[in-house]
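Me: Got a model open here and want to go through a few spots. Can you take a look with me?
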Amino acid sequence: MKPIISVKSLSKTYASGFQALKDINLDIRKGEIFALLGPNGAGKTTLISIICGIVTPSAGQVTVDGHNILTDYRVARAMIGLVPQELTTDAFETVWATVSFSRGLWDMWDDPAYIETLLKSLSLWDKRDAKIMTLSGGMKRRVLIAKALSHEPSILFLDEPTAGVDVELRKDMWESVRALKKRGVTVILTTHYIHEAEDMADRIGVIDKGELMLVEHKRELMRKLGKKQLTLELAEPLDAIPPALAGHHLELANGGSELVYTYDTQGSRTGITGLLTELAEAGIRFKDLDTRQSSLEDIFVDLVRRKR
């Protein structure tokens, strides 16, 4: 399938000499939710800004549904809705006016029915006549999403969309994103809440220091890089791990009352059977056991740590 966004050999170096992006290659598929993860200063916002035509690249090419973002800017940009990090709206305008105005910027015909549906879907209908300055931070964030969707784009960028949004509004927001996906809208998001990416995304990209470290389907990423931990609650605490068990690379935890064994989920053998046999031979008894799968956050932290 032809990608709806294609980024080829993209780099960005600012006048100060700082290289924000280094040879980025990325294809984003139509209709997917793609999460871009990375620490502060990794290059997430720069990459989004270039794709959206806000920042000019130093090298490389970006196309949106085959349209070059530089040479065919108007057509390419009209396909994109952008929700920036900053809460930049006209404080003295009403919700209805600011969303309607954004639609008009893209030469879209006046469609009050669509604006009404959009505001209702984002729980903004009751605030349609309220001035932006009177809204909470979470509501202002919703207005930004409404503005981004006002011209019915086929691609939506969400740059830290839930920053400063309370839990209830965050939940409603993600329901709206899922509904957009069902309508065929491609959604690209950056977030500091890694559990959101784990819950929402189809594929995940990890960027650090301007380099795209990996792009992988979420399930495949968890399968390849995920690990499991077996925690044994001991009947009696240990001061140290017996030398006979050194080959299992165990860790003592919780004041010596727990043994933690980490193993690869892709391995043909987990080694658990052998471990339990050797524990019995060493006279080490346990009261309970528990297994835990690595989360996406564990994987992300480990990837960034290894990179640095």
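Me: Is asparagine 68 buried or exposed?
Reply: Asparagine 68 counts as buried because its relative accessibility is 17%, where buried means under 20% relative accessible area with a 1.4 Å probe, protein chains only. Keep in mind this is a predicted model, with local features needing pLDDT of at least 70, side-chain atom pairs counting only at 80 or more, and totals for chains, interfaces and linings using all residues. Numbering runs from 1 along each chain as its sequence is written, and side-chain values use heavy atoms, without hydrogens and water.
Me: What does the side chain of asparagine 68 reach?
Reply: The backbone nitrogen of leucine 70, at 2.8 Å.
Me: And which residues does asparagine 68 touch, not counting those up to four places away in sequence?
Reply: Gln61, Val62, Thr63, Tyr73 and Ala76, with touching taken as heavy atoms within 4.5 Å.
Me: Switching to helices. How do the axes of H3 and H5 cross?
Reply: H3 (residues 95–104) and H5 (residues 137–149) have axes that come within 7 Å and cross at roughly 30°. That makes H3 roughly parallel to H5, a label for angles under 35 degrees.
Me: Which residues meet there, H3 to H5?
Reply: From H3, Val95, Thr98, Val99 and Ser102; from H5, Val143, Ala146 and Lys147. The contact divides into 4 nonpolar, 2 polar and 1 charged.
Me: What about H5 and H6?
Reply: Their axes come within 11 Å and cross at roughly 15°, with H6 covering residues 167–182. So H5 is roughly parallel to H6 as well.

Technical notes: Axes are lines fitted to C-alpha atoms, for helices over the stretch in contact, and angles run from 0 to 180 degrees between N-to-C directions. Helices (H or I, at least four residues) and strands (E, at least two) are DSSP runs, numbered from the N terminus. Angles under 35 degrees count as roughly parallel, over 145 as roughly antiparallel, 65 to 115 as roughly perpendicular and the rest as oblique. Ala, Val, Leu, Ile, Met, Phe, Trp, Tyr, Cys and Pro count as nonpolar, Asp, Glu, Lys and Arg as charged, and the others, Gly among them, as polar. Buried means under 20% relative accessible area, exposed over 50%, partly exposed in between (1.4 Å probe, protein chains only). A polar contact is a pair of N or O atoms within 3.5 Å; within protein, one must be able to donate a hydrogen and the other to accept it, and residues adjacent in sequence count only if both atoms are side-chain atoms.
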